[in-house]
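Open the structure in your viewer and keep the selection tool at hand. The stops below go from one selection to the next.

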Amino acid sequence: MRRPVLYNRQHGKQVAGGGSVKAKIGKLLLVVVVLLICTVSLLFTSSATKGGAAGSAYRSEINVEKLWRSADSGGWKPSSAPRSDWPPPPSETNGYLRVRCNGGLNQQRTAICNAVLAARIMNATLVLPELDANSFWHDDSGFRGIYDVDHFIKSLRFDVKIVEKIPEIRKNGKTKKIKAVQLRPPRDAPISWYTTEALQQMKEHGAIYLTPFSHRLAEEIDNAEYQRLRCRVNYHALIFKPNIMKLSQSIVDKLRTQGHFMSIHLRFEMDMLAFAGCFDIFNPKEQEILKKYRKENFAPKKLVYKERRAIGKCPLTPEEVGLILRAMEFNNSTRIYLAAGELFGGERFMKPFRALFPHLENHSSMEHSDEIPENTQGLLGSAVDYMVCLLSDIFMPTYDGPSNFANNLLGHRLYYGFRTTIRPDRKALAPIFIDREKGRKAGFEEAVRQVMLQTNLGGPHKRIPPESFYTNSWPECFCQTSPKNPADKCPPDNVLEILSSQLSQENGDPESNSTSVTDR
């Protein structure tokens, strides 16, 4: 715009007499040019804000067919085998470690991983972890009722010694029980707590009992081999019992008879809504129920309830889930498996979702055997849900804040081969949904699509706090065959033979030179 001005001014100076007429013409032309530029700019801005998310979607359209396949691995593959010197557990340890894992199935799962690592750190013999009989679920299945114990012990034989119970000892001709001294570990305790206070008590008494044992070992540890041990426990040693695996596979096979299927963890349940302080969308009676539950079950915390949804702190409603999927151009023939307990608010919240996507299933609708009890929130039902979600083509959590189920699955699916996950950015989506509820629906689907285009869909990505190690174990538990960084190099193919040889030398037991362990 400056060049025409300079030109006209110079031209006006050069011409005498009739220069004023030419100057006026020049100014008129300048005004026309400016108006034209402004009009084009206004049209461009309008299209970018209203229908222009469509323009962006045109440039980077969501390819639904591609989502049904695993995400791009970038040359990475899962590997949790040791990559440096990893001595076998010695024949004599410092004592016995007992732990009580509290919480639900997946909180207990992370506690088991931490227990194995704690035993390794202290050079202790791990007693098979105790699973808390959850007071809310009334489920006392225990470790043996959920997991394959023999596989668990055998697959970790290169890492720690594991026994089912503390053995009795004979002293002065008498049989004596070792009584474990009870300790309460600090939350997210550092390694130093285990190598000092806990180890001292173990050496003094012969055994320690850590309870409760949920989140009692720091997640971020500057030791890649320790982190890989967590992955070996989580993704190789902790295998559900054969009946659970068979039941889960049966449901997956039925779902696959019509092609691909998606799983959704619909965390629209009373405990999570009360914890998050998400009350505004409910009627007064329901709000009172949620507030009462919150007061009775969670520590007091001042929350501005009206702001919770706007800042992305609330689980997505079933309808919001359906609207996101429709905006991403999934059609209403999509088969969806719902992993959920009892939805708060009942059918009035499910009806809009079902109208958008009628092919909704859960483990009760897919499997009519007596193996899954009516209490679908019990450990067995949760284990089946976990396996079906792990094996599904796409997994979508609706709340991945303090949800152990969703977070563990995100990490497991990443390790399982970068399987596609759809992780809605609730904070970015909240104003879009709120505008829609206020009647401002123009450009809604385009706006949702643009938010979803910015999310990671299951590929390798850097772990940034508060993302948990159990949600994303990259890069510690992944490797590359041709890495730029030597630390990322895959271990040798014969790593199990090396570990077996070391173990047999330690124990003087040629029988232990077996490599029939799940590939690491």
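Start by selecting C479 and C490, whose link is right-handed, with 85 degrees about the S-S bond. C479 lies in strand 14 and C490 in the loop between strand 14 and helix 20 (495–507), so the pair ties together parts that are eleven residues apart in sequence. Helices (H or I, at least four residues) and strands (E, at least two) are DSSP runs, numbered from the N terminus. The sulfur atoms of C479 and C490 are 2.0 Å apart, and a disulfide is a pair of cysteine sulfur atoms within 2.5 Å.

This is a predicted model, where local features need pLDDT of at least 70, side-chain atom pairs count only at pLDDT 80 or more, and totals for chains, interfaces and linings use all residues. Residues are numbered from 1 along each chain as its sequence is written, and side-chain values use heavy atoms, with hydrogens and water left out.

Next, select C231 and C477, which a disulfide joins with an S to S distance of 2.1 Å. C231 lies in helix 8 (residues 224–237) and C477 in the loop between helix 19 (444–453) and strand 14 (478–479), so this pair ties together parts that are 246 residues apart in sequence.

Then select C278 and C314: their link is left-handed, with -105 degrees about the S-S bond.

Last, go to D385 in helix 16 (residues 379–391). The side chain of D385 makes a polar contact with the side chain of Y337 at 2.6 Å (a pair of N or O atoms within 3.5 Å; within protein, one must be able to donate a hydrogen and the other to accept it, and residues adjacent in sequence count only if both atoms are side-chain atoms).
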